Amino acid sequence: MSETKIVKTTCSTCGPCCEVDAYVKDGKLISVEGSRNTPMQSGGLCAKGVAATQYVYNKERILYPMKRAGKKGEGKFERISWDEAYAMIAEELLRIRGEYGARSTVFYAGYAKWYRPALLRLANAYGSPNFCTESSTCFQAAALAWRSVYGNRICGPDLKNAKTLMLWSSNLYHSNIPMSKAFQGFKKRGGKVIDVDPRRSVTAHDADIHLQLIPGTDGALALSMAQVIIEEDLYDKEFVDKYVYGFEEYREYVQQFTPEKAERITGVPKELIREAARTYAGNGPAGLMFSASPVVHHINGVQNYRAVFSLIALTGNYDVEGGNRTQPGPFSTANEFGQIRRFDGEEAIGQKEFPVWFDLSCDEAQCTLLADYISNEKPYPIKALFAMGLNHRMWPQPEYLKKSLEKLEFYVNAELFMSESSRAADLILPACTSYEREQVHAGMGGRFFFSNQAIEPVGESRNDIEIIMEVFRRMKLKDPAICDEVLGDGYQAYMEHILRPSGLTLEELKSRPEGMMGKNLFPPAVKTYENEKFHTPSGKVEFKSLVLERYKDSHGYEGLPVYHDFRENGAVDRQKFPLILNTGSRKPQLFHSRLYRMSWLNNIEAVPMVEIHPEDGRVFGVGDGDFVQVTSPSGRITGTAVYNVQGNPGVVYIYHGNSKGDANELIGKDYVDPISGFPGFKGYFCRVEKTEDKGCIIG
Ligand SMILES: Nc1nc2c(c(=O)[nH]1)N[C@H]1C(S)=C(S)[C@@H](COP(=O)(O)OP(=O)(O)OC[C@H]3O[C@@H](n4cnc5c(=O)[nH]c(N)nc54)[C@H](O)[C@@H]3O)O[C@H]1N2
Ligand SMILES: Nc1nc2c(c(=O)[nH]1)N[C@H]1C(S)=C(S)[C@@H](COP(=O)(O)OP(=O)(O)OC[C@H]3O[C@@H](n4cnc5c(=O)[nH]c(N)nc54)[C@H](O)[C@@H]3O)O[C@H]1N2
Ligand code: SF4
Ligand SMILES: [Mo]
């Protein structure tokens, strides 16, 4: 019997890549603990992370490459060697490029972020403009909203120096455990918290002011706060005069959003709106923490976040200590490795529908409408999909996407698990977890960490970047001329390459199990705008966006952060669908589609929980624990009703990604924000009825 050894490595079960101590015995992972000597963890770990052994040794892990043996979508496979798998990929992708052009192949990455730069470079080397990721529904719309106001420097709140923190839709204790520690520190120092959230979440319990709005009415609330701040002369005139474009039109527009009117739209009492505006503008410096998803998961999401982001400049909290500012970081991170994407060549998918996505320098295509592009062969035929971690349940109406995947000539998915989306593939490649590979991590604030390999890869699984590199070699591709030749040089060279700009060597980093700071860091700076113009067409902060205005005639976009209420869209009969449907607000034990297969985590919610307010329950004849059918204009699912008083009546909350009833079947595939293409996951419509039928219905 061998000793139990402790290996310094990372958990990446959900992506933030927390540093952990892995306990390994006889070559097997037996348990994990949060690393004790890192600033983030101090021994702590979330429920998902604790369940690591159920993730790594899950019975659904894919153990070796497999090719389709039955009809498309039938789910029959036969084992093949890696050599055959690579040969097949090279042959098919080169054939398809020859027959239809490089753009007919889409390269796709799911939530996992770490191999994206390499996959982007593979797409570049192959010649396709169609590299896209899960960011077609996550973060990029918020980034787009930010860039339309401030240009390229996306700034987070400076928690160390802020006196007030405004959390705009972020439930840190469930969704961002590493950040929740910094939040607790801020509270302990006596910081004031304003939380904008339709539910009394665990994070909202810590707030001094909780603005409990109706989901999707964020824009009206922000514009109303602006109205108060301007009316009461609390805004930063000097900053606005010197650095803001479009202020007069904005000032005129916000006049109509009095707290009285905003109360009618948002449901937030007018006194609270005034108090929040006065606190944010008056008790500075104030930081704003925004989130990757809830606000932009609405059909008016980008404009709503533009209204929220404008408050930062209005109150002089942009790039000052304690406000929103860029954090010092290394000169380069792994991400820069991939940032060579240009949209000046062939039209990428989504480019016609969502031009601002491309103008505001997102380095990837917009793929929310992927199923339509494949099915309708428009704007041109899509014939192949090289995917890593594709989960069709990310999209609205996922069954429609799954059907469309069967129309492809070649679809390969590299995955950890035999997911439903993998079953639809022509070829499946086994990927490995963070416990089974080495990795260099570039963390927050310029901290680097070397993640050791704790165990041998399960089955024949491989690290995604090595897979990408071998595909690159087999197709005899060349790295684009503007890049160093790296994809062809192996994984060690890749790790050294991404580390190089930090001034650290791989050997140095490996010798420091507790991690270390990069040597070349951006010096901390404030008020960068005094020396450098904003990267917007006007060179100023744009309350009225000139990029959006470019598409006034063609797409109907407006330059001001206008408020259009999603409830007034007219296309849905509210008599038939009286409740607002909010899908996917995070739960601590779930992560999109991927963790339902782990019994320690999924036993709490074996079938979908339909969270309904007791008042709505009484009105619609639904009791706590009843089996119910949820119907929307696009589909229906069944689940268990659970009374929940965290939110106000009128809104139903369901988590997504569950194959036993996926909330995304309820969301219309065309129900998207016309600017970003993000689906309206958090503001659609439904009805809930008690049913005796216990079969889980999808579609
Ligand atoms: N209704 C509704 N829908 C939503 C949302 C919502 O709030 N409501 N949220 C949206 C948002 S914000 C996001 S980010 C998306 C997320 O959507 P997805 O990215 O589709 O999320 P996951 O379920 O994590 O699926 C990713 C897949 O990658 C696999 N995987 C994990 N690690 C690796 C790895 O290292 N290599 C490889 N090759 N595969 C790996 C996992 O097993 C999993 O099957 O969902 C979106 N969809
Ligand atoms: N455990 C767990 N953690 C996760 C994930 C996960 O699936 N599970 N997913 C990760 C991903 S991909 C993302 S993008 C992040 C998201 O991170 P967060 O944005 O923090 O997560 P959510 O819980 O979706 O939303 C935060 C809060 O927004 C509120 N909210 C819902 N609709 C609205 C709205 O219309 N307006 C406002 N103002 N608030 C609203 C919800 O009630 C919730 O309390 O979480 C990440 N972390
Ligand atoms: S938050 Fe939890 S699941 Fe996510 S990486 Fe950290 S420990 Fe793992
Ligand atoms: Mo996300």
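Here is a working chat about a predicted model of a protein with its ligands.

Biologist: What pLDDT does the protein average?

Modeller: The average is 93, and 95% of the residues score at least 70. pLDDT is the predictor's confidence in each residue, from 0 to 100. In this predicted model, local features need pLDDT of at least 70, side-chain atom pairs count only at pLDDT 80 or more, and totals for chains, interfaces and linings use all residues. Residues are numbered from 1 along each chain as its sequence is written, chains are lettered from A and ligands numbered from 1 in the order in which they are written, and side-chain values use heavy atoms, with hydrogens and water left out.

Biologist: Where does pLDDT stay under 50?

Modeller: Over residues 331-336. The model has eleven contacts beyond four places in sequence for that stretch. Contact means heavy atoms within 4.5 Å.

Biologist: How is the protein divided into domains?

Modeller: Domain 1 is 5-56, domain 2 is 66-139 + 332-436 + 459-484, domain 3 is 156-325 and domain 4 is 569-690. The bounds come from an automatic or database domain assignment.

Biologist: Ligand 1 next. Which residues come nearest to ligand 1?

Modeller: Glu 415, Ser 593, Arg 594, Asn 664 and Lys 682, out of 33 residues around ligand 1. A residue is near if one of its heavy atoms lies within 4 Å.

Biologist: Which side chains have polar atoms by its oxygen atoms?

Modeller: Among them is Glu 415, with a side-chain N or O atom 2.4 Å from an oxygen atom of ligand 1. Arg 586 places a polar side-chain atom 2.9 Å from a ligand 1 oxygen. For Trp 114 the distance is 3.4 Å. A polar contact is a pair of N or O atoms within 3.5 Å. Taken alone, ligand 1 exposes 920 Å², and the protein buries 98% of that. Accessible areas come from the Shrake-Rupley method with a 1.4 Å probe.

Biologist: Which domains supply that shell?

Modeller: Domain 2 and domain 4 each give at least three residues to the ligand 1 shell. By class, that shell has 14 nonpolar, twelve polar and seven charged residues. Ala, Val, Leu, Ile, Met, Phe, Trp, Tyr, Cys and Pro count as nonpolar, Asp, Glu, Lys and Arg as charged, and the others, Gly among them, as polar.

Biologist: And ligand 2: how many residues surround it?

Modeller: 34, with Ser 175, Asp 197, Asp 218, Ser 291 and Tyr 655 the closest. Domain 3 and domain 4 each contribute at least three residues to this shell. The classes are 13 nonpolar, 14 polar and seven charged.

Biologist: What about polar atoms there?

Modeller: Ser 175 has a polar side-chain atom 2.6 Å from a ligand 2 oxygen. Backbone atoms take part too: a nitrogen of ligand 2 is 3.1 Å from a polar backbone atom of His 174. A backbone N or O atom of Lys 587 lies 2.9 Å from a ligand 2 nitrogen. Alone, ligand 2 exposes 900 Å², of which the protein buries 96%.

Biologist: Which classes make up the shell around ligand 3?

Modeller: Seven nonpolar, two polar and one charged. The residues around ligand 3 include Cys 11, Cys 14, Cys 17, Cys 18 and Cys 46.

Definitions and conventions:
A polar contact is a pair of N or O atoms within 3.5 Å; within protein, one must be able to donate a hydrogen and the other to accept it, and residues adjacent in sequence count only if both atoms are side-chain atoms.
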